[in-house]
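Q: Please take a close look at one part of this model, the aromatic side chains and what surrounds them.

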Amino acid sequence: MTADLLADPEELAAWLTVGASDPKLLAALNAASRRFRGAVRHPVSLVEGDTLVLDGNGTASLLLPAAPVLAVTTVEVDGVALVDGTDFTWSADGYLRRLGCQVWPDSLRCISLTYSHGYALIPEDIQEVVIDQARALYAILPGVQQQTVGAQSVTFGVQAATGVTAQWAAAVERYQLNRGDRP
């Protein structure tokens, strides 16, 4: 499976009866993967040694921008290194928590950390909905609402062009980070 794709091109190719290197197939799979990542608001696939700077919030807990968290290698507050298990702890769900009755400073760009997150093997339910979405994208002729060939007519409505299935919505909800920023 290509690193940026959330599903195997070979599996999609079997559904579409085209080659796995077909440019339209790969474009549809790329688009479906980007849509899923955008919907859940994190990369999903494995990222090791990701370094970032965060704002403090004046509380004991921060929510990291990607999950599942596999390791937190370093945490610094204003350039001072903290010790895992003594100064902070973390969860696979993406919480970074201060220990010893401490809080994160209420200051911008004061926390830097290096951590690893995501899935080395993409969960099967994600792969399945990404393939479904890619199949729909592959079949759509952009801008076409109706196509007639002889006595046969096919209409691509708004749902086919932009919609998602209940299975897609459930997978997005399952893997989405709950950052409290939904409208």
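Q: Which residues does Trp-15 touch, not counting residues up to four places away in sequence?

A: Trp-15 touches Ile-131 and Arg-135, where contact means heavy atoms within 4.5 Å. This is a predicted model, in which local features need pLDDT of at least 70 and side-chain atom pairs count only at pLDDT 80 or more, while totals for chains, interfaces and linings use all residues. Residues are numbered from 1 along each chain as its sequence is written, and side-chain values use heavy atoms, with hydrogens and water left out.

Trp-15 is part of helix α1; helices (H or I, at least four residues) and strands (E, at least two) are DSSP runs numbered from the N terminus. Trp-15 counts as exposed because its relative accessibility is 51%; exposed means over 50% relative accessible area, buried under 20% and partly exposed in between, with a 1.4 Å probe and protein chains only. The charged end of Arg-135 sits over the ring of Trp-15, 3.8 Å from its centre; the rule asks for NZ of Lys or CZ of Arg within 6 Å of the ring centre and within 35 degrees of the ring normal. The charged end of Arg-98 likewise sits over the ring of Trp-104, 5.2 Å from the centre.

Ring-to-ring pairs come next. Rings of Phe, Tyr and Trp (its six-membered ring) pair if their centres lie within 6.5 Å, and planes under 30 degrees apart count as stacked, over 60 as edge-to-face and the rest as tilted. The count by this rule is two aromatic pairs. Phe-36 and Trp-168 are edge-to-face, because their planes stand at 90°, with the ring centres 5.4 Å apart. Phe-36 belongs to helix α2 and Trp-168 to helix α5, 132 residues apart, and the pair links these distant parts of the chain. Both Phe-36 and Trp-168 are buried. Tyr-119 and Tyr-175 are also edge-to-face, at 5.9 Å centre to centre and 85° between the planes. Tyr-119 lies in the loop between β7 (111–117) and α3, and Tyr-175 in helix α5, so this pair ties together parts 56 residues apart in sequence. At 23% relative accessibility Tyr-119 counts as partly exposed, whereas Tyr-175, at 15%, counts as buried.

Val-44 is in contact with both Phe-36 and Tyr-119, among other residues beyond four places in sequence.
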